[in-house]
Structure formats: structure tokens, C-alpha cells
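Subject: Structure handover

Hello,

Here is the structure I promised to pass on. Please open it beside this email, and then read on for what was found.

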Amino acid sequence: MKLTGAEILIECLKREGVKTIFALPGGVVLKIFDMLHQQKDIDVVLTRHEQGAGHMAEGYAKATGKAGVCLVTSGPGMTNVITALADAYMDSVPLVCFSGQVPTSLIGNDAFQEADNVGLSRPCTKYNFLVKDVKDLAMTIKEAFYIATTGRPGPVLVDIPKDVSMDKAEFVYPSSISIRSYNPVYEGNKWQIKQAAEAMSKAKKPILYVGGGVIFSGASQELLELAELTHMPVDMTLMGLGAFPGEHPQSLGMLGMHGTYWANMAMHYSDLVVAIGARFDDRVTGKVSEFCPHAKVIHIDIDPTSIRKNVNVDIPIVGDCKAVLRELIQILRATVNGDQRELRKPWWSQIHEWQQANPLAYRQEADGPIKPQHVISRLYDLTKDRDPIVSTDVGQHQMWAAQYFKLAKPNRWLTSGGLGTMGFGFPAAMGAQAAFPGRLVLCIAGDGSIQGANAFAHTSGIHQDGLLKDKTTYEIMRPETVGLVESKMVMGKLSGRHAFRQRLVELGYTLSDEEVNHAFERFKKLADQKREIYEEDLEVIVSEELVKMADRITLKSFHVASGTDQVPTATVELEIDGRTISQTGTGDGPVDAVYRMIAAITQTRSTLLMYVVKAITGGTDAQGEVSVRVQEDGRTVSGHGADTDIIMASARAYLNALNKLSYLAGKQAQGEQKVNLI
């Protein structure tokens with residue numbers, strides 16, 4: 001069966017197991033977006049800037065260990081994503097970026113929005129492709145994912161001209177791949193591993209120097225086993241944080257320019273440095289000629305070009321960290337060289353002296369300004385039991401986070417190390433959240449970095465559905481905070497009459513051309529007056545045009561009991577068509593408990609799609625408004641409720657939506673299918 005290039009791309013992504021793609025449309029990739037819109041297996045996160053799309057894909061990749069995927073258009077779309085590609089290249093992040101290109105017949109003619117995507121990306125990608133024939137597209141995509149995720153991971157660009165995305169070809173996706181000029185070495189040289197094991201068993205003052213390669217290799221468990229077997233201290237680079245448990249007694253934390261005193265002293269005075277998946281960058285080595293003057297160096301890395309690039313190495317081992325460490329542990333267990341703990345007792349005594357002499361410290365006055373170190377320490381204490389994913393931007397806050405947030409596991413630390421990209425943290429956190437909707441994801445950012453993120457419009461002022469929202473907040477709440485872990489949010493865009501109509505359709509309205517025109521004129525006038533349009537404004541405009549509705553279900557009363565040691569329990573009493581019904585039950589949170597009881601009483605089959613809280617008044621009696629979106633039998637409605645009690649506002653919003661669904665069901669039963677409500 002023949003498929004278009006756009007269809008082939010979608011099928012290839014599915015075969016590679018891609019679940020989420022971060023994208024921003026443009027002229028030459030519209031065919032691809034049409035195909036993405038028609039399928040349901042891949043979530044499309046619409047970003048506001050291509051650099052943000054790239055950073056989101058990076059965050060997704062770092063949190064999952066899988067390749068992140070982004071899609072941008074030609075010309076300025078490609079030039080905007082270059083920073084994210086360079087960032088991923090420096091930090092060895094597996095990323096596949098698809099860029100649009102002008103038709104093949106116009107390449108090289110300075111066509112509208114043409115750029116040399118291959119030339120632009122060559123210095124900051126692991127490899128790049130320009131697909132000139134749709135018949136080559138499937139094989140190219142297979143090769144792109146293979147190159148991005150094997151060996152030393154990195155970003156790969158696939159440039160797709162407009163005509164290639166529209167031409168047709170037989171779809172055949174290769175089950176395996178082999179590239180003659182690209183063959184990463186995974187198994188280390190056995191003789192060199194044996195030499196490394198012998199040096200480690202004899203060393204009196206060794207140090208394990210751990211980088212991000214351990215995380216991407218999935219070798220954290222082997223590293224822990226090696227460290228405990230040899231009783232060696234562990235230094236971590238900025239990118240290696242989380243590869244070894246931060247609170248483990250053998251962890252010295254981060255080393256380098258912003259690292260701990262004892263981590264740097266241990267490195268300097270060691271007699272053996274075992275570098276694993278690290279690259280000896282300048283922030284660690286300082287002046288190379290004076291780096292570890294008394295130490296023998298073992299370097300384990302899958303990238304042969306990284307070995308001896310910056311420092312001299314005595315025992316080089318090219319191979320995958322996981323495979324090499326497994327064999328190294330096996331040899332060490334068979335090596336008899338006395339008690340390693342006893343051999344290194346004086347070394348640990350010296351390290352403990354350095355720790356006591358110059359600990360990480362700050363003084364937080366009870367009545368003084370709150371110090372950033374204290375904020376991060378408290379954030380760590382309050383969230384460590386929830387196994388959070390932590391994203392940072394770039395700057396001093398990044399270093400404080402590295403020092404005071406002790407990560408216990410790999411793939412929890414998202415930061416821009418090599419390139420130091422301000423504006424990285426927020427979109428990276430959003431990428432991780434897209435990968436794990438129910439997980440706690442934290443973004444620690446400084447003012448300059450969050451302003452950089454604002455350039456992508458990833459701020460609280462832009463809600464996930466693309467409409468500008470009130471920037472004040474009644475309470476900072478996500479759906480999972482109140483037990484609604486299944487809730488998902490979808491990004492969208494609103495611009496012009498066509499998009500206005502499309503947005504109304506997506507929200508559940510069906511209007512005639514005359515009604516759309518009338519509503520759109522009111523919408524424009526309101527936009528001229530307010531400059532900021534909220535989704536509630538759309539509801540007011542259109543609802544006033546269509547119908548007034550009487551509530552069939554009303555809330556008589558409710559009671560919620562919840563606390564630290566108590567399962568949230570709700571008793572809800574409703575009046576339905578003049579009949580009073582009550583029910584008691586539990587939930588994952590107070591709002592979830594109320595919603596479950598309402599659903600049980602009304603016997604609704606609806607699904608909650610969205611839950612949002614915002615402030616509509618200020619002061620001590622601040623009133624909050626809850627907006628929900630609910631779907632049932634193909635109808636999507638939204639409900640709104642306001643109250644000083646956020647749970648009451650939530651209940652009113654949910655019932656408002658259920659009343660609308662009931663109204664629509666009645667209309668359909670009467671054969672009146674014209675009107676839908678949000």
C-alpha cells in the first residue's frame with residue numbers, strides 16, 4: 001500500500017514507540033500536522049517557540065532515557081531550534097528533530113523561508129539527513145533513531161522537503177539497521193579492564209569520577225555495586241547527579257568549580273582516578289597541567305574521541321559503562337587483595353576531616369530574608385519522599401540546587417550543563433511532565449532564566465489550551481494535587497475567524513455561519529476592550545446567543561474529612577428532579593472524593609478532561625473559580641463554579657457541566673441536535 005511521506009513519518013514514529021512529539025507548525029510541514037491531527041496514538045504538544053519544543057524534547061529524553069522528538073518548519077523554524085540541538089549535543093541527549101524544507105526543486109534558489117538546514121545543524125548534531133526521495137524516508141527515520149540512541153547519544157536532524165511529505169511510496173519499515181561506517185563498541189577490552197581492576201584493588205586513595213554517561217547507559221546499579229565493593233568515594237559531575245544516591249555515605253556530591261571542598265580535595269590528592277562516562281571538562285579540571293598531579297587515570301567511555309581529549313589517560317577503556325562495569329565487578333570479586341575497607345581507612349579519615357573543616361553552610365536568620373539555599377533545602381526535605389523530577393535553569397540557583405537537592409535516582413535531574421542555556425528549565429520540566437503526567441516535576445529557576453522561558457510563552461499567563469488566562473492564582477493546584485490524576489490537558493491556538501470557529505467546535509459548539517459571524521464580531525469588540533480574552537468570555541458570548549438552561553441537578557450539602565493520616569472522605573447530598581439523594585465514600589483527594597460521590601449519585605458516564613483554579617477576587621475573603629471540562633457520549637462541555645471554599649467551587653463547576661450534559665441529552669432525544677454548550 002502506498003502512503004504519503006507525511007503518513008510514512010507517522011507510521012515510523014509509531015514503530016519506534018514514540019508517544020509524544022513537541023511541535024510548532026509552519027507552511028511546509030502542514031501536511032504532516034494534518035496527519036498528526038487525524039491519528040490518536042501520538043500526543044502532539046503544541047509549543048510557542050521552536051527552541052522551547054527542542055528543550056521540551058530534551059526534558060522528555062532525560063526523564064525517560066528514550067529519544068525525544070520535535071518537529072519544526074523550514075527557515076526561521078529551523079534556526080530557532082538550533083540552540084536546543086546544540087544543548088542536546090553538548091549534553092549527549094538522544095533527540096530526533098524533524099525539520100521542514102522547501103520543495104526539492106527550489107533548494108538552493110533562496111526560496112521563501114529556505115535555510116541550509118543540513119549546513120546549519122552540522123556542527124551541533126551527531127548526524128543529519130536531507131531526504132530527497134520519499135522512498136528513502138522510512139529507512140532514513142530508522143537510521144536517525146538508531147544513531148540518536150546508540151553509542152554516545154545525541155541529536156539527529158531529518159530534513160524533509162515539502163514535496164517529499166506529499167509524494168507517495170510503498171511503506172516498508174526495516175526491522176533492523178546496520179550502518180557500515182557506524183559501529184559503536186559496547187564491550188570493553190578485556191585486558192584493559194583487567195589492568196583497571198588490578199590498579200583499583202591496589203590503590204590507597206582512589207576516587208570514582210562519575211558523569212552523565214552512567215545515567216544514559218543505565219549503569220547506576222552497577223556503579224553502586226562497584227562503589228560498595230571497593231569502598232571508594234564517589235565524585236559526580238553536574239550531569240552525573242543522580243547516577244549515585246546523593247545521601248549515600250560514599251557520595252561526596254558534585255565536584256568542580258561549584259562543587260564541595262572535600263570532593264575537589266579528594267580528586268586532587270587521589271592516587272587513582274576512575275572516570276566513568278565523564279569528559280574532564282574545564283569546570284572540573286581547572287588548569288589541566290595541575291589536575292590530579294599524583295594520580296593514575298582510568299577512563300571508561302563509549303566515545304573514543306572523549307578519551308585523552310583533555311587529560312592524559314593511563315588505562316583507556318572504550319565501551320558502554322554498564323557492560324564494562326559488570327565485567328570489572330566480576331574481576332574484582334575474583335581478586336584477592338585483602339579488605340578494601342581497611343586498606344582505605346586512612347583515606348576516608350582524611351576526607352572526613354575535609355568535610356568537617358569546610359562543610360556546605362549558610363546562616364538562615366529567623367527574622368531575616370529567606371536565603372535561596374534554605375528554600376532549596378526545605379524543598380528537598382518536603383518533596384524527597386515523592387521521588388520528584390527536578391529541572392533547573394542556568395545560573396547560581398542551578399549550583400545551589402546541585403549542592404542542596406540530593407537526588408537518589410537517575411533520570412531525575414534535568415539541567416543544561418555543557419551549553420548553559422538560560423530558558424532551558426521550564427520547557428524541559430514540561431517535557432518531563434508530558435512523559436509522566438502523574439509525577440511531581442519541579443523547576444528551579446532564577447529570574448533571568450524564567451524571563452528566557454517567557455520568550456517561548458511557557459508562562460502561567462498562557463494556559464495549556466492556548467487561551468490567555470488570569471495571571472493571579474487563588475491556589476497553586478494541579479489536577480493530581482486534588483486527586484484527579486487522570487486529568488489531561490491539551491494545547492491549542494486561537495487566531496482569526498477560521499480558528500475561532502474551529503475552537504468553538506473543539507469545545508462543543510455547533511453554530512450556523514450567521515451565528516459564528518455574530519459571535520465573532522462580539523469577540524473582536526471584547527478583545528479590543530480587554531486585550532486579554534479568556535475561555536469564559538467565549539462561553540458568555542456564545543451562550544447568550546443561544547439558550548438559557550434550567551438546572552436539573554442541585555447541590556444540597558456536602559461534608560469532607562481529610563488530613564495527613566486520614567483517607568479523604570466526602571458525604572454529598574444532591575437534589576435531582578425534586579428527589580434528594582446522598583452518598584458517602586472516599587477518594588484520592590478531597591475534590592476527588594466529592595467528584596466520585598457526585599458521579600455515583602448521578603450515575604454519569606462522563607470523563608473529566610480538565611480542572612483549573614484561578615482567583616477572581618482578592619483579600620482575606622478571596623473567591624476562587626474552578627473551571628472543568630467534561631466529556632460524555634461524544635459531547636464536550638465545560639462547567640464553572642465560584643466560592644470562597646475551593647471544594648464548594650469545584651462541586652458547583654462539576655454539577656454545572658453535568659447539567660449541561662443532561663440538557664444536551666434531552667435536546668438530542670427531542671431531535672434537536674443543533675446546539676452544543678461548553
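Helix H9 (213–217) gives the most to the lining of the second largest pocket. Its share is four residues. The pocket holds about 990 Å³ of space. Its lining counts 50 residues. Closest to the pocket centre are Asp91, Thr237, Met239, Arg279 and Gly418. Besides H9, helix H12 (282–285) and helix H17 (396–404) each give two or more residues to the lining. By class, the lining has 20 nonpolar, 21 polar and nine charged residues.

Some terms for that part. A pocket is an open set of points on a 1 Å grid over the protein atoms alone, where a 1.4 Å probe fits, with protein on both sides within 12 Å along at least five of seven lines. Lining residues have an atom within 4 Å of a point. Grid points are joined across faces, edges and corners, and the volume is the space filled by probe spheres set on the points. Ala, Val, Leu, Ile, Met, Phe, Trp, Tyr, Cys and Pro count as nonpolar, Asp, Glu, Lys and Arg as charged, and the others, Gly among them, as polar. Helices (H or I, at least four residues) and strands (E, at least two) are DSSP runs, numbered from the N terminus.

Please keep the basis in mind. This is a predicted model, in which local features need pLDDT of at least 70 and side-chain atom pairs count only at pLDDT 80 or more, while totals for chains, interfaces and linings use all residues. Residues are numbered from 1 along each chain as its sequence is written, and side-chain values use heavy atoms, with hydrogens and water left out.

Next, the cysteines. A disulfide is a pair of cysteine sulfur atoms within 2.5 Å. The count here is zero. Cys70 is buried, at 0% relative accessible area. (Buried means under 20%, exposed over 50%, and partly exposed in between, with a 1.4 Å probe and protein chains only.) Cys292 is buried too, at 6%.

Now the aromatic rings. Rings of Phe, Tyr and Trp (its six-membered ring) pair if their centres lie within 6.5 Å; planes under 30 degrees apart count as stacked, over 60 as edge-to-face and the rest as tilted. How many aromatic pairs does the whole structure have? The search finds twelve. One of them is Tyr127 with Phe129: the centres are 4.9 Å apart and the planes are at 65 degrees, so this pair is edge-to-face. Tyr127 is partly exposed, at 44%. Phe129 is buried, at 12%.

Tyr595 and Tyr654 form a stacked pair, with 4.3 Å between centres and 25 degrees between planes. This pair links distant parts of the chain. Tyr595 sits in helix H23 (residues 590–602) and Tyr654 in helix H24 (residues 646–669), 59 residues apart. Both are buried: Tyr595 has a relative accessible area of 5%, and Tyr654 has 6%.

Tyr209, Phe280 and Phe291 form one aromatic cluster. Arg439 lies over the face of Phe436, 5.3 Å from the ring centre. (A charge sits over a ring if NZ of Lys or CZ of Arg is within 6 Å of the ring centre and within 35 degrees of the ring normal.)

Then the backbone. Most residues other than glycine have a negative phi. His231 has a positive phi of about 55 degrees although it is not a glycine. His231 follows helix H10, in the loop between H10 and strand E10 (234–236). His231 is buried, at 12%. In H10 itself (residues 220–230), the buried residues include Leu223, Leu226 and Thr230. Arg308 is not a glycine either, and its phi is positive, about 70 degrees. Its place is the loop between strand E13 (296–301) and strand E14 (315–318). Arg308 is partly exposed, at 47%.

Ala408 is in the loop between H17 and strand E16 (413–414). Ala408 is exposed, at 51%. Lys19 is in the loop between helix H1 (5–15) and strand E2 (20–23), and is exposed at 52%. Its C-alpha is 4.7 Å from that of Ile42, 23 residues apart along the chain.

Best wishes
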